[in-house]
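Please read them with the sequence and coordinates at hand.

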Amino acid sequence: MDRKEKIDCIRRQKYFVWGDVAVFAAAAALVILFFLLSFVNSAAQGETFSVLYRGEEIFRATLAENADYVFYIEGTAGKVTLYEEGRVYSDYNVISVREGKVGVSASDCPDHTCRYFGSIAKGDILCLPHDLHIRIDGKGLETDV
């Protein structure tokens, strides 16, 4: 086979055969399926939230009623009470509950990462400088891990 025959042979070849199309269609279907399955549990929202200090639960409240709580460290213990405007706290985080979501609206930690989580209806909020962990509990939010 000379050069001209090789070029003609290459030009006659197809870029895709039906088997290739079937593989690409199956891969696209799997991607779409996994994408849609990721939203199946997105409607699940928490019913309560827990405040943990150094791994121990110190407070639990419902997400159904709007309120502002303050977490503060007194000595070596973490405490949570209703937020009082004008009172001075040290080592504190103001936890706001609005419309079924919880978030940290104010804090005096150096990095303010806890505030950047925003208001959430599922998941966790962490404040590493204060060793604070806000966990939302509810039906459908459990994991196997």
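1. Four strands form an open sheet in the order 2-1-8-7, with antiparallel pairing; strands here are DSSP runs of type E with at least two residues, numbered from the N terminus, and two strands pair if DSSP finds at least two bridges between them. Strand 2 (56-62) and strand 7 (124-127) are the edge strands, each pairing on one side only. From one strand to the next the twist averages 15 degrees, with axes fitted as lines to C-alpha atoms and angles running from 0 to 180 degrees between N-to-C directions.

2. The model is predicted: local features need pLDDT of at least 70, side-chain atom pairs count only at pLDDT 80 or more, and totals for chains, interfaces and linings use all residues. Residues are numbered from 1 along each chain as its sequence is written, and side-chain values use heavy atoms, with hydrogens and water left out.

3. Strand 7 and strand 8 (residues 132-137) run antiparallel and are joined by four bridges. Isoleucine 125 has isoleucine 134, in strand 8, as its bridge partner.

4. With a disulfide defined as a pair of cysteine sulfur atoms within 2.5 Å, the count is zero.
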